[in-house]
Amino acid sequence: MRPLPDYPWDRLTPYREIAGRHPDGVVDLSIGTPVDPVPDVVRDALAESSDMPGYPTTAGTPALRDAVVNWLTRRCGAPAGIGVLPTIGSKELVAWLPTLLGVAEGDLVAIPRLSYPTYEIGALLAGAEVVRTDEPEDIDDSRLKLVWLNSPSNPTGAVLSQNRLRDLVSWARERGVVVVNDECYVTLGWDVAPTSILDVAVAGDGGEGVLAVHSLSKRSNLAGYRAGFVAGDEALVDRLLKVRKHAGMIVPFPVQGAMVAALSDETHADGQRRRYGDRRRRLAEALHAGGWRIDHSEAGLYLWATRGRDTWDTVAELAEKGILAGPGEFYGPDGSEHVRLALTAPDERVEAAAARLTAA
């Protein structure tokens, strides 16, 4: 295994201390941690599923598999015959997917130029080499085994068009390369409507060579439940299932019950989306008024903002105002002049941030 980098968020500790000295307290916009209540319908389902003394099933209960498939066909345009598998949140799957798929030392894994750090960590855990690119089809190397896409993107909020997704899927299939889209924010489109890689218009009826990663952390405020799933090519999903059975990667029964309730109810998700939309509008107004530029950010839970300065200088400036931001550098060298601002703060804290951003 190749050496792993230090955990990036540890580098924010001194800035967190500075921001915490603000007389009105810190506004933490650095990490997208949900702060709103878990929906009652989900909490009730968790309690109803709590008396389960036996071992849970790695594949998920029939009710959960049906709920996932129904949601994917309803909200993502996926075919009904898609393979599905619950995961212990999405980060666990992202970190171990290359290993679970048999990616090994000497292989190549392509990740977006600006991307969630765990894509790189997963490749390193498998012993593979990483290529940062937004044009994976330019890679002329038979060692390429896995391509990560992230649409809508974390951190930038950029969205790949349906045509772009379809072209990438076609290219990957011709070369026998697995393509995976982390689409945890697919239902949070603001300026555009994101397309799932599982949409039949993109991947066809079988999803050959294609996987999609989903999470209920933001949609249903279930970050603490570690509730996610992977879906796509039935053969690939079956391979993941076999390995995960051996490794004990199992979502607890009560969480599976809660996931069924969350996926079967759109009312709470629509309400949560409205909250995020209101916070996004308020922060964006304040950033523009304060002379910031917001790039991309068409979807997702973040604003990708810059004032044309080094990311760490910007983080320090914001910390003096009591605002903690995510340094763009965490997501790749191309983020050296940006910061990522999360929408997952309480309304009162968002108002505080807006006031500080527009203050003289």
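Author: Start with Trp292. Trp292 sits in the loop between helix 10 (267–289) and strand 9 (293–295). A word of caution before going on: this is a predicted model. Is Trp292 buried or exposed? Its relative accessibility is 6%. The cut-off for buried is under 20%, so Trp292 counts as buried. Now look along the chain to Ala305. Trp292 and Ala305 are 13 residues apart in sequence, and their C-alpha atoms are separated by 6.6 Å.

Next, move to strand 5, which covers residues 144–149. Of its 6 residues, 5 are buried, so the rest of the structure largely encloses this strand. Which strands pair with strand 5? Strand 3 is one of them: the two strands run parallel and share 3 bridges. Find Ala110, then look across to strand 5: the bridge partner is Val147. Strand 6 (residues 178–182) is another partner, also parallel, joined to strand 5 by 4 bridges. Here Leu149 has Asn181 of strand 6 as its bridge partner. Strand 5, helix 6 and strand 6 together form a β-α-β unit, and the unit is right-handed. In a regular strand, side chains alternate between the two faces of the sheet.

Now to the aromatic rings. A pair of rings is described by how far apart the centres lie and by the angle between the planes. Rings pair if their centres lie within 6.5 Å. By this rule there are 8 aromatic pairs. Take Tyr119 and Trp148. Their ring centres are 4.8 Å apart and their planes meet at 25 degrees, so this pair is stacked. The cut-off for stacked is under 30 degrees. Tyr119 belongs to helix 5 and Trp148 to strand 5, so the pair ties together parts 29 residues apart in sequence. Both partners are hidden. Tyr119 has 0% relative accessibility and counts as buried. Trp148 has a relative accessible area of 1% and is buried as well.

Compare another pair, Tyr185 and Tyr302. This one is edge-to-face, with 5.8 Å from centre to centre and 85 degrees between the planes. The pair links distant parts of the chain, 117 residues apart. Tyr185 is in the loop between strand 6 and helix 7 (200–203), while Tyr302 is in strand 10 (residues 302–306). Tyr185 is buried at 7% relative accessible area. Tyr302 is buried too, at 5%. Rings can also chain up. Trp9, Tyr15, Trp312 and Phe330 are linked by ring pairs into a cluster.

Now for the empty space. Rolling a probe the size of a water molecule over the atoms shows where such space is left. The largest pocket has a volume of about 890 Å³. It is lined by 36 residues, and those closest to its centre are Trp9, Lys91, Tyr116, Pro117 and Thr118. Trp9 is also a member of the ring cluster. Which element gives the most to this lining? Helix 5 (residues 117–125) does, with 5 residues. By class, the lining of the largest pocket holds 16 nonpolar, 10 polar and 10 charged residues.

The second largest pocket has a volume of about 450 Å³. Its lining has 25 residues, with Pro112, Leu114, Asp134, Ala158 and Leu160 closest to the centre. Strand 3 (108–111), strand 5 (144–149) and helix 6 (162–175) are the elements that give two or more residues to this lining. Strand 5 gives the most, with 3 residues. By class, the lining of the second largest pocket has 13 nonpolar, 6 polar and 6 charged residues.

How many cavities of 30 Å³ or more does the structure hold? There is 1. The largest cavity has a volume of about 90 Å³. It is lined by 14 residues, and Trp71, Cys184, Thr187, Ser215 and Arg219 lie nearest its centre. By class, the cavity lining divides into 8 nonpolar, 3 polar and 3 charged residues.

Conventions. Residues are numbered from 1 along each chain as its sequence is written. This is a predicted model: local features need pLDDT of at least 70, side-chain atom pairs count only at pLDDT 80 or more; totals for chains, interfaces and linings use all residues. Side-chain values use heavy atoms; hydrogens and water are left out. On a 1 Å grid over the protein atoms alone, a cavity is a set of points where a 1.4 Å probe fits but cannot get out, and a pocket is an open set with protein on both sides within 12 Å along at least five of seven lines; lining residues have an atom within 4 Å of a point. Grid points are joined across faces, edges and corners, and a volume is the space filled by probe spheres set on the points. Ala, Val, Leu, Ile, Met, Phe, Trp, Tyr, Cys and Pro count as nonpolar, Asp, Glu, Lys and Arg as charged, and the others, Gly among them, as polar. Buried means under 20% relative accessible area, exposed over 50%, partly exposed in between (1.4 Å probe, protein chains only). Two strands pair if DSSP finds at least two bridges between them. A crossover is right-handed if, with the strands pointing away from the viewer, the path from the first strand over the helix to the second runs clockwise. Rings of Phe, Tyr and Trp (its six-membered ring) pair if their centres lie within 6.5 Å; planes under 30 degrees apart count as stacked, over 60 as edge-to-face and the rest as tilted.
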